[in-house]
Amino acid sequence: MPPKNKTSAKANDSKSSGGGKAKAGSNSNKKEKDNAASASSGKQLKPATAINSRHILCEKHAKKEEALIKLREGGKFDDVAREFSEDKARQGGSLGWKTRGALDAAFEKAAYDLEPSTTASPKFVEVKTGHGYHIIMVEARR
């Protein structure tokens with residue numbers, strides 16, 4: 001689980017359908033794109049105080065890209081997490097329920113902006129933290 005107060009170099013927004021990928025970060029020439037939830041539904045998510053999330057953590061960018069390819073080809077998020085994640089992914093990358101303030105700031109912002117989805121058809125986002133490259137999905141919000 002990513003600890004609090006690490007910084008993010010960039011955050012990416014991707015849809016599992018393989019649709020366009022936008023990168024957002026500190027570089028002013030990069031365009032920030034609405035998250036998958038807003039882009040697909042056209043409405044804002046209700047505020048949440050906790051999320052049930054999963055992630056895939058990769059130390060190397062190339063390994064993260066391999067995991068993204070598997071997801072875009074239709075792989076189940078939990079299966080891809082077991083294969084590619086470099087943390088405790090024995091439970092398919094599940095982090096369980098986390099309240100606001102319990103996660104790394106960049107990770108948390110990206111995760112709370114995501115629309116809930118299923119492992120079979122995940123909506124995910126990419127974030128870089130001090131721990132490495134994360135691919136995050138949210139299963140539920142409350």
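Me: Why is Arg54 called buried?
Reply: Buried means under 20% relative accessible area, exposed means over 50%, and partly exposed is in between, with a 1.4 Å probe and protein chains only. Arg54 has a relative accessible area of 13%, so Arg54 is buried.

Me: What should I keep in mind about the numbers and the numbering?
Reply: This is a predicted model, in which local features need pLDDT of at least 70 and side-chain atom pairs count only at pLDDT 80 or more, while totals for chains, interfaces and linings use all residues. Residues are numbered from 1 along each chain as its sequence is written, and side-chain values use heavy atoms, with hydrogens and water left out.

Me: What makes the contact of Glu139 with Arg54 a salt bridge?
Reply: The term requires a side-chain nitrogen of Lys or Arg within 4 Å of a carboxyl oxygen of Asp or Glu. In the pair Glu139 and Arg54 the closest N and O atoms are 3.1 Å apart, and the pair forms a salt bridge. Glu139 lies in strand β6 (residues 132-141) and Arg54 in strand β3 (residues 50-58), so the pair ties together parts that are 85 residues apart in sequence. Glu139 has 27% relative accessibility and therefore counts as partly exposed. By the salt-bridge rule the count comes to 9.

Me: How do you know where the helices and strands are?
Reply: They are DSSP runs, numbered from the N terminus: helices are H or I with at least four residues, strands are E with at least two. The chain has 4 helices and 6 strands, in the order β-β-α-β-α-α-β-α-β-β from the N terminus on.

Me: What makes Lys63 and Glu86 a salt bridge, and are these residues buried or partly exposed?
Reply: Their side chains meet at 3.3 Å, N to O, in a salt bridge. Lys63 lies in helix α2 (residues 61-72) and Glu86 in the loop between α3 (77-84) and β4 (94-99), so the pair ties together parts that are 23 residues apart in sequence. Lys63, at 28% relative accessibility, counts as partly exposed, and Glu86, at 37%, is partly exposed too.

Me: What is the N to O distance for Lys64 and Glu126, and where do the two residues lie?
Reply: The distance is 2.6 Å, and the side chains meet in a salt bridge. Lys64 is in helix α2 and Glu126 in strand β5 (residues 123-129), 62 residues apart, so the pair links distant parts of the chain. Lys64 counts as buried at 1% relative accessibility, and Glu126 is buried with a relative accessible area of 1%. Salt bridges that share partners join Lys64, Glu65, Arg72 and Glu126 into one network.

Me: What makes the link between His134 and His55 a polar contact?
Reply: A polar contact is a pair of N or O atoms within 3.5 Å; within protein, one must be able to donate a hydrogen and the other to accept it, and residues adjacent in sequence count only if both atoms are side-chain atoms. The side chains of His134 and His55 are joined at 3.0 Å. His134 counts as buried, at 1% relative accessibility.

Me: What makes a set of residues a nonpolar core?
Reply: The members are buried Ala, Val, Leu, Ile, Met, Phe, Trp, Tyr and Cys residues joined through side-chain atoms within 4.5 Å. The largest core has 14 residues, and those with the most contacts inside it are Phe107, Ala111 and Ile136. α4 (105-112), β5 and β6 each supply at least two residues of this core, and the largest share, 5 residues, comes from α4. A second, separate core of 12 residues includes Val80, Phe84, Phe124 and Met137.

Me: Which residues does Gly92 touch?
Reply: Contact means heavy atoms within 4.5 Å. Not counting residues up to four places away in sequence, Gly92 touches Arg54, Phe77, Asp78, Ala81 and Arg82. Gly92 lies in the loop between α3 and β4 and counts as buried at 0% relative accessibility.
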